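Reader: I am new to reading side-chain contacts. Can you walk me through some?

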Amino acid sequence: MRTKYKAWAKPYLEEHSEVVLSQEHFLEMSDYHLEIGSGKGQFLSSMAKKYPDCLFVGVERNKTVAGYCCKRLVTEEVKNALLYPHSIESVLFGMSDECVKDIFLNFSDPWPKKKHHKRRLTSEQYVKEYYRILKTGGCLFLKTDNEELFNFSLEMFKAVPLRLITMSTNYSELDDFDAMTEYEESFRKEGAKIYRLILKK
């Protein structure tokens, strides 16, 4: 379900430079955990609170949704999470090699039409960049409720030498190094299957 446009979101993002990253600042950073597609920030905030000695960075291209994420981080006084309210494409190809500790792809848009598959965040063009920016020993975590996207992603990840650590087609528990997103809470209540991958460089 799409979030309705909120006029307050963009000014709110502009007012909170303590949370919101510029493109220049983002590209200078290293040694952080990256969530691509942060939604309203439940996962980002929860992980930052669980691991206060780690830095988490969320990317969310939808300005209204990013506004909600920013408001959550500000209201909850989360000090070790930052937000980049633009598309990952605007920074991904300019990021340094091995600058990210881990990558999280949580319930990404499945882009169901075949002609749109190249837009998927696990299409080959993205997968190769994830491998490049991921530190040796770092992991890529994927969660989705979409079986077709999950199977597509498995095929795409064959393009890079990432090692499969965990694969679940019915992820019903919650690992220590994980947190639930807003979508995930709803899916679990509905009894929907959640698919999960952990791949390591």
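Author: Gladly. Start with charged pairs. This is a predicted model, and the count comes to 16 salt bridges.

Reader: What does R120 form a salt bridge with?

Author: Look for a nitrogen of Lys or Arg within 4 Å of a carboxyl oxygen of Asp or Glu. R120 pairs with E148, and their closest N and O atoms are 2.5 Å apart. R120 sits in the loop between β4 and α6, while E148 belongs to helix α7. The two are 28 residues apart.

Reader: Is R120 buried or exposed?

Author: Buried means under 20% relative accessible area. R120 has 0%, so R120 is buried. E148, at 40%, is partly exposed.

Reader: Which side chain does K143 meet in a salt bridge?

Author: That of D178, at 2.9 Å from N to O. K143 lies in strand β5 and D178 in the loop between β6 and α8, so the pair ties together parts 35 residues apart in sequence. K143 is buried at 2%, and D178 is buried at 2% too.

Reader: Which residues are linked with K143 in a network of salt bridges?

Author: D175, D178, E184, R188 and R196.

Reader: Now the cysteines. How many disulfides does the structure hold?

Author: A disulfide is a covalent bond between the sulfur atoms of two cysteines. The structure holds 0.

Terms used:
Residues numbered from 1 in each chain as written. Predicted model: local features only at pLDDT ≥ 70, side-chain atom pairs only at ≥ 80, totals over all residues. Heavy atoms only, no water. Disulfide = S-S within 2.5 Å. Helix = DSSP H or I, 4+ residues; strand = E, 2+ residues; numbered from the N terminus. Buried < 20%, exposed > 50% of the residue type's maximum accessible area, 1.4 Å probe, protein only.
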